[in-house]
Amino acid sequence: MHCHVDKSSEVSGSPFHFAGADDTPESPAAWYVAYTESRLEQLASLNLQQQGFLTYLPMYRGIPKRSVKSKASMPGKAAASLEPMFPRYLFFKPASQKQSISSVRSTRGVSAVVRFGSYFAQVQPETLAALRHHEEFGAPQDLSDRMLPQRGSRVKLLDPALNGLEGLVDSVSAQRVIVLMEILGRQTRVRLRPHQVEPS
């Protein structure tokens with residue numbers, strides 16, 4: 001039997017809602033959240049896909065790192081790396097409403113399925129659509145007329161997927177701001193461009 005949470009108990013404007021406490025999806029469109037082993041997000045994604053699940057791992061283009069070889073041969077270029085936008089978090093959903101998610105917890109690379117108490121966390125489809133849009137079209141703006149936030153200051157996120165949420169600045173560079181915030185009950189470092197935050 002499904003357990004339901006009354007809609008009035010959900011946080012207004014939150015990108016998350018609650019699913020039943022059993023392992024049967026409420027809707028074939030529902031996306032769940034897996035908490036992976038450290039640095040094994042892509043392995044977990046591959047293993048879930050092999051079981052028939054759909055997965056989505058938002059990626060972020062990190063600051064280019066110059067290798068010893070590139071310094072010698074191509075001094076003007078550096079290799080940029082793709083990193084998970086939300087380290088250790090992976091979105092997944094069953095291919096059909098009949099597919100149970102019980103096997104996810106024992107999948108190699110997965111540490112747990114994220115819950116709020118006894119209820120599985122689900123992510124609204126429009127939130128993932130905003131993340132995909134950010135991956136495809138997100139680009140840094142001219143920062144010449146913007147002041148970078150200070151480490152330890154509180155900022156509000158302007159990213160479409162996290163609009164309105166707040167956190168503390170953990171580190172700052174000209175190309176990246178890392179914000180420490182609580183997502184799904186865990187302290188998480190979120191990588192953003194400087195133009196995607198403003199003082200709260």
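Please keep in mind as you explore that the model is predicted. The largest pocket has a volume of about 280 Å³, and the sheet to look for is an open one of five strands.

**The largest pocket**

- To find the largest pocket, look for its lining residues: S38, R39, E41, Q42, M59, L82, E83, P84, P87, R88 and R191.
- Two elements, α1 (41-50) and β5 (82-84), each give two or more residues to this lining.
- Of the elements, β5 gives the most to the lining of the largest pocket, with three residues.
- Sorted by class, the lining of the largest pocket holds five charged residues, four nonpolar ones and two polar ones.

**The five-stranded sheet**

- Reading across the open sheet, you meet its strands in the order β13-β12-β11-β10-β14, and the pairing is antiparallel.
- At the edges stand β13 (186-192) and β14 (197-199); each has a single partner strand, so one side of each is left without a neighbour in the sheet.
- From one strand to the next, the twist averages 45°.

**A closer look at β12 and β13**

- Strand β12 covers residues 177-183 and pairs with β13 in the antiparallel sense, over seven bridges.

Notes. Residues numbered from 1 in each chain as written. Predicted model: local features only at pLDDT ≥ 70, side-chain atom pairs only at ≥ 80, totals over all residues. Heavy atoms only, no water. 1 Å grid on protein atoms, 1.4 Å probe; cavity = no way out; pocket = protein on both sides within 12 Å on 5 of 7 lines; lining within 4 Å. Points joined across faces, edges and corners; volume = space filled by probe spheres on them. Helix = DSSP H or I, 4+ residues; strand = E, 2+ residues; numbered from the N terminus. Nonpolar A, V, L, I, M, F, W, Y, C, P; charged D, E, K, R; others polar. Pairing = 2+ DSSP bridges. Axes fitted to C-alpha atoms, helices over the stretch in contact; angles between N-to-C directions.
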